[in-house]
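Hello,

Here is the structure I promised to pass on to you. Have a look at it first, and then read on for what turned up when I went through it.

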Amino acid sequence: MKILGGRYLTEDELFEAGVPTVGKGVRVHSTAVLVDLERMSFGSNVRIDPYCVISAAGGFVRFGSYIHIAAQAVMMGGEGIEMQDFSGISQSVCVYSVSDDYSGETLTNPTVPRHLLKVKRGTVTLGRHVIVGSHSVVLPGANIAEGCAVGALSLVNEPLAPWGIYAGTPARRLKDRSRNLLHTERQLSAESGA
Ligand SMILES: CC(=O)SCCNC(=O)CCNC(=O)[C@H](O)C(C)(C)COP(=O)(O)OP(=O)(O)OC[C@H]1O[C@@H](n2cnc3c(N)ncnc32)[C@H](O)[C@@H]1OP(=O)(O)O
C-alpha cells in the first residue's frame with residue numbers, strides 16, 4: 001500500500017526510542033505524539049494512526065495485543081490507562097485518566113501552578129474486545145468492562161458492565177452485545193498458532 005505523507009514507525013524504532021516493552025507487529029505513525037515513552041508498553045499487533053496524542057507523563061499507558069488507535073485520538077494517561085487485547089478506539093476519541101475540576105472550586109488548566117489545581121484522577125481500563133465509537137469521551141475512573149461497544153459521540157462517565165452496547169451522553173446500555181467474536185478470536189489463535 002502506498003501512503004503519501006508520513007510513515008509508520010516499527011517496533012524496533014520504538015524500542016530504540018525508549019519504549020521498554022514492545023511486541024511484534026507494532027506500527028506507530030510518525031505524526032503521532034507520544035509523551036514519556038518509558039512509561040508505555042506495547043503488546044503485539046498494535047497500530048496507532050496519524051495525529052494521535054498519547055501521554056503517559058506521571059502515570060502509564062499500557063497496550064495489550066491487537067489494539068487499534070484511530071486517527072486524532074487523544075489519551076491522557078497521567079493516572080494510568082490500560083487497553084486490553086482486541087480493544088480499539090475510533091477517530092477523535094478522547095480518553096482521560098486525569099481531568100481538571102470543573103466545579104469552580106479551584107483554578108484550572110496546566111499553565112497554573114499544580115498546588116492551586118484540584119485534578120480529578122482515576123485509572124481507566126478498556127477491557128478485552130472493547131470498541132469505542134468516533135468522537136466519544138471517556139472520563140477518569142470510567143472503566144469499560146470486557147466486551148463493551150460504545151456508540152459514536154458518547155460520554156462515558158462511569159464504569160460500564162460487561163458485554164453491552166452503550167451509547168449517548170451519558171452512555172446508557174442499549175442492549176447486550178453478541179459474544180460470537182470470541183469464536184473468531186479462537187480461529188485467529190488457531191491460524192496464528194498461538
Ligand atoms: C476504527 C473504527 O471503528 S472507525 C468507525 C467508527 N464507527 C463508529 O463510531 C460507529 C459506532 N456505532 C454506533 O454508534 C451505533 O449506532 C451503535 C453500535 C451504538 C448502535 O447500533 P445498532 O446496534 O445498529 O443500534 P440502532 O441503530 O438500532 O440504535 C438503537 C437505538 O440507539 C440509538 N443510538 C444509536 N447509536 C447512538 C449513538 N451513537 N448515540 C446515541 N444514541 C444512539 C438509536 O437512535 C436507537 O434509538 P431508538 O431505539 O430510540 O430508535
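Six strands make up an open sheet with parallel pairing, in the order 4-7-10-13-18-20. Its edges are strand 4 (33–35) and strand 20 (155–156); each has a single partner strand, so one side of each is left without a neighbour in the sheet. Please keep in mind throughout that this is a predicted model.

At the strand 20 end, the partner is strand 18 (residues 137–138), which runs parallel to strand 20 and is joined to it by two bridges. If you want a residue pair to look at there, Val137 stands opposite Leu155 of strand 20.

There is also an open sheet of nine strands, and here the pairing is mixed, with the order 1-3-6-9-12-17-19-21-22. Strand 1 (8–9) and strand 22 (172–176) are the edge strands, each pairing on one side only. Within this sheet, strand 19 (residues 149–150) and strand 21 (residues 164–167) are parallel and pair over two bridges. Val150 has Tyr166 of strand 21 as its bridge partner.

**Two backbone details**

Which peptide bond is cis? The one from Thr169 to Pro170, with omega near -5°. Pro170 sits in the loop between strand 21 and strand 22.

The other detail is Gln72, which is not a glycine and yet has a positive phi of about 65°. You will find Gln72 in the loop that runs between strand 9 (67–69) and strand 10 (74–76).

**The ligand**

The residues around the ligand are His68, Ser90, Gln91, Gly133, Ser134, Gly151, Ala152, Ala167, Gly168, Leu174 and Lys175. By class, this shell splits into seven polar residues, three nonpolar and one charged.

How much of the ligand's accessible area does the protein cover? On its own the ligand has 970 Å², and the protein covers 39% of that.

**The largest pocket**

Finally, the pocket search. The largest pocket has a volume of about 580 Å³. Its lining consists of 19 residues, and those nearest the centre are Val98, Asp100, Pro110, Arg114 and Val119. The lining residues of this pocket comprise 10 nonpolar, six polar and three charged.

That is everything I wanted to hand over. Enjoy exploring it!

Best wishes

Notes
Residues numbered from 1 in each chain as written. Predicted model: local features only at pLDDT ≥ 70, side-chain atom pairs only at ≥ 80, totals over all residues. Heavy atoms only, no water. 1 Å grid on protein atoms, 1.4 Å probe; cavity = no way out; pocket = protein on both sides within 12 Å on 5 of 7 lines; lining within 4 Å. Points joined across faces, edges and corners; volume = space filled by probe spheres on them. Nonpolar A, V, L, I, M, F, W, Y, C, P; charged D, E, K, R; others polar. Near = heavy atom within 4 Å. Areas by Shrake-Rupley, 256 points an atom, 1.4 Å probe, with all protein chains shown as cover. Pairing = 2+ DSSP bridges. Helix = DSSP H or I, 4+ residues; strand = E, 2+ residues; numbered from the N terminus.
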